[in-house]
Amino acid sequence: MKDNALLQIALICLSLSLLAFGGGKSLIPELHKEAVTELKWMNDERFVDFFAISQTAPGPSILFVSLIGYQAAGWAGFIAAAFLIMLPEFILVYVISAAWTGIREKPLSQIIADGVAPVTLGLLLSGALVVAKGSIHGTGGAVVAIAAFLIFSLTKINPLLVMGLAALAGLLGWV
Amino acid sequence: MSGPEVSKTPAGPAQAPPGLTAIFMCFAKMTLVSFGGGLTAWSRQILVAEKGWLSDDEFLEALSLSQTLPGSINANLAVIAGRKLKGMSGAVSAILGLTLPAMIILAVLVSLYISYCSKPALDKALDGVTCACAGLSAATACHLGRKHFKKPMSLFFVIAAVLLVGVFRFSLIPVLLSLGPLSALCVWLACRLKTSLEKTP
């Protein structure tokens with residue numbers, strides 16, 4: 001069973017690595033679909049808890065997959081997921097950046113970048129929707145989410161401070 | 001620390017390339033100071049201003065390539081900068097420096113979570129944090145999208161992606177492979193139309 005899960009997490013990471021346009025967060029809807037809906041490795045609550053943990057930790061947000069790997073197949077899954085989500089991307093970026101000099105100005109790469117951008121935004125918003133559905137269970141939660149949205153949109157306060165306040169609101173039973 | 005004055009050196013291999021340990025440590029530091037976000041801003045601060053390993057122009061070019069290619073922007077940036085400094089071994093040092101400290105911290109956090117997640121206090125605190133994360137994700141998307149939401153064609157593809165992936169929960173691969181090229185085609189057609197209108201008086 002565990003070996004099977006390790007293979008599955010490996011395949012998920014390898015297949016999604018080159019599709020993470022706009023960074024790791026655009027994979028949230030797909031990861032949720034795989035880990036919660038289809039493979040049933042965890043419930044909604046654990047998924048959003050893991051997302052919160054990965055957002056609190058430093059480093060690339062794509063490392064979120066290693067938490068899913070951990071849930072699926074223990075520490076082997078943790079390491080395999082982190083390594084395999086990075087590997088195809090590493091090779092692609094290495095090869096392209098070696099051949100890159102001057103391509104930036106060419107229209108084709110600009111058209112690809114401009115074309116993919118709105119789809120990526122849609123994926124990021126879908127990710128926010130998935131996290132909101134899994135985390136907000138009442139008025140209190142909605143208030144915290146909207147307050148966080150406004151604070152992050154309008155100010156440059158360090159996210160960790162906002163997370164701390166949100167944790168306090170949770171402890172006080174407001175959520 | 002080599003001091004901020006080196007950022008004025010012109011682009012080019014003016015200085016000896018740094019060692020692999022130095023590259024690893026530099027990216028490890030970058031990850032560790034980015035607690036709470038702002039990794040891209042820190043990358044510029046450390047690579048350009050502090051170390052002088054890249055000029056401002058080189059950094060911008062690396063950043064725009066990192067944003068165009070799939071994957072984490074900061075991981076891409078590490079690969080590009082590492083390759084520029086010392087080829088394959090430099091790129092490997094940079095990506096390991098960026099990810100290993102973050103993985104260790106994540107491993108500690110997830111162990112703590114597994115040990116204490118049955119405690120009501122942690123459960124309640126995390127309920128608050130996850131709601132804030134939903135707000136943070138939406139804010140990030142809106143911040144990145146402020147340019148695109150104003151263009152009707154871009155807005156159409158944003159909404160189409162939200163409906164297909166976020167609401168109807170289609171898989172990422174078919175959606176990305178259909179909407180991506182379609183959207184790029186529309187951008188290309190719009191460019192062609194614009195240039196042909198400019199040419200014909």
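In chain B, B:Lys29 and B:Glu50 form a salt bridge in which the closest N and O atoms are 2.6 Å apart; the term requires a side-chain nitrogen of Lys or Arg within 4 Å of a carboxyl oxygen of Asp or Glu. This pair links distant parts of the chain, with B:Lys29 in helix H1 (residues 20-33) of chain B and B:Glu50 in helix H2 (residues 39-50) of chain B, 21 residues apart. Helices (H or I, at least four residues) are DSSP runs, numbered from the N terminus. B:Lys29 is partly exposed at 29% relative accessibility, whereas B:Glu50 is buried at 18%; buried means under 20% relative accessible area, exposed over 50%, and partly exposed in between (1.4 Å probe, protein chains only).

The model is predicted, and local features need pLDDT of at least 70, side-chain atom pairs count only at pLDDT 80 or more, and totals for chains, interfaces and linings use all residues. Residues are numbered from 1 along each chain as its sequence is written, chains are lettered from A and ligands numbered from 1 in the order in which they are written, and side-chain values use heavy atoms, with hydrogens and water left out.

Three salt bridges are found over all chains. Another one joins B:Arg44 and B:Asp56, with 3.1 Å between the closest N and O atoms. Here too distant parts of the chain are linked: B:Arg44 lies in helix H2 of chain B and B:Asp56 in helix H3 (residues 56-68) of chain B, twelve residues apart. Both B:Arg44, at 32% relative accessibility, and B:Asp56, at 39%, are partly exposed. In chain A, the side chains of A:Glu38 and A:Lys33 meet in a salt bridge of 3.5 Å, N to O. A:Glu38 is partly exposed, at 46% relative accessibility, and A:Lys33 is buried, at 14%.

Chain A has seven helices and zero strands. Of its 175 residues, 54% count as buried. The C-alpha trace of chain A spans about 55 × 45 × 25 Å along its principal axes.

A nonpolar patch on the surface has about 790 Å² of accessible area and includes A:Ile157, A:Leu161 and A:Trp174. Patches are made of residues with over 30% relative accessible area and no salt bridge, like charges being joined within 9 Å and nonpolar side chains (Val, Leu, Ile, Met, Phe, Trp, Tyr) within 5 Å. Accessible areas come from the Shrake-Rupley method with a 1.4 Å probe, and for residues only the protein chains shown count as cover. A:Ile157 sits in the loop between helix H6 (139-154) and helix H7 (159-171) of chain A.

Conventions. Helices (H or I, at least four residues) and strands (E, at least two) are DSSP runs, numbered from the N terminus.
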